[in-house]
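Let's take a walk through a protein model together.

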Amino acid sequence: MRIEVLTLFPGMFAGPLDESIIKRAREKGLLDFRIHNLRDYAHDRHKTVDERPFGGGPGMLLKPEPIFEAVEKLTRENTRVILLSPSGRTFNQAIARELAQVHDMLLISGHYEGFDERVRECLADDELSIGDYVLTNGALPAMVIVDAITRLLPGVLGDDESSHEESFSHGLLEYPQYTRPAEFRGMKVPEVLLSGNHAQIARWRAEEAARQTKERRPDLL
Ligand SMILES: C[S@@+](CC[C@H](N)C(=O)[O-])C[C@H]1O[C@@H](n2cnc3c(N)ncnc32)[C@H](O)[C@@H]1O
């Protein structure tokens with residue numbers, strides 16, 4: 001899979017995507033991740049990427065020309081162009097699974113007050129938000145989305161790191177998990193998990209997942 005990001009802050013990506021599972025995916029060639037600086041597509045002396053909004057109002061907007069030029073240069077026939085914006089559909093595990101099937105994607109990360117509307121109208125195949133709050137720019141949303149998609153790619157997680165039974169994979173939260181010691185400061189691990197009876201353990205986990213979801217996230221049911 002190739003994921004490219006167009007951003008004003010390439011430096012923000014150093015670190016989070018160079019560690020752990022994502023680093024391994026990149027090293028194995030399962031994820032080809034590339035960052036492009038939007039300023040490279042501005043051609044005036046000051047590399048201007050923003051302008052005041054017509055009609056007045058606070059803040060600056062990202063101008064259309066550098067973004068159009070970048071998208072035209074960076075995309076191929078099947079590239080999915082995704083605009084990052086608080087107005088987009090809210091990213092979740094189902095969308096992560098959907099995007100894990102896409103081979104070629106360009107995430108456009110905004111800044112200031114966002115984008116000239118023509119970017120949304122003409123360039124975006126999709127528009128994603130990572131939640132109902134406003135961040136200073138789209139770099140963190142891009143990293144969240146890249147992380148969530150990458151760990152779903154075949155071969156990225158090891159045998160002991162399956163994504164099949166975790167939260168949201170069956171529309172429920174994950175069941176509670178315990179590890180050694182079996183008793184810690186008087187708190188005991190549920191007996192059934194020590195029983196070795198796999199059918200009973202599976203039933204307990206299913207019941208607990210349903211109970212936790214009902215208690216904490218009834219909106220998922
Ligand atoms: C300060 S925000 C712009 C907010 C915009 N004026 C609004 O009210 O929707 C700057 C950029 O950060 C990114 N951004 C901020 N919050 C986001 C979120 N919740 N999800 C996705 N992107 C976000 C977007 O790329 C956005 O263009």
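Start at histidine 111, which sits in the loop between strand E6 (104-108) and helix H4 (117-123). Helices (H or I, at least four residues) and strands (E, at least two) are DSSP runs, numbered from the N terminus. This is a predicted model, where local features need pLDDT of at least 70 and side-chain atom pairs count only at pLDDT 80 or more, while totals for chains, interfaces and linings use all residues. Residues are numbered from 1 along each chain as its sequence is written, and side-chain values use heavy atoms, with hydrogens and water left out.

Histidine 111 is buried, at 18% relative accessible area. Here, buried means under 20%, exposed over 50%, and partly exposed in between (1.4 Å probe, protein chains only). Leaving out residues up to four places away in sequence, histidine 111 touches Leu8, Phe9, Leu62, Thr136 and Asn137; a contact means heavy atoms within 4.5 Å.

Now hop over to glutamate 4, in strand E1 (residues 2-7). Is glutamate 4 buried or exposed? With a relative accessible area of 2%, glutamate 4 is buried. Its side chain makes a polar contact with the side chain of histidine 36 (2.6 Å). A polar contact is a pair of N or O atoms within 3.5 Å; within protein, one must be able to donate a hydrogen and the other to accept it, and residues adjacent in sequence count only if both atoms are side-chain atoms.

Glutamate 4 also forms a salt bridge with arginine 76, with the closest N and O atoms 2.8 Å apart. Glutamate 4 is in strand E1 and arginine 76 is in the loop between helix H2 (64-74) and strand E5 (80-90), so the pair ties together parts that are 72 residues apart in sequence. For a salt bridge, a side-chain nitrogen of Lys or Arg must be within 4 Å of a carboxyl oxygen of Asp or Glu. The structure holds 19 salt bridges. Another one joins arginine 2 and aspartate 32, whose closest N and O atoms are 3.7 Å apart. That pair links strand E1 to strand E2 (residues 32-37), 30 residues apart.

Last stop: leucine 135, in the loop between strand E7 (126-129) and helix H5 (139-150). Leucine 135 is partly exposed, at 36% relative accessible area. Helix H5, in contrast, is mostly covered, with nine of its 12 residues buried. Among them are Ala139, Met143 and Ile149.
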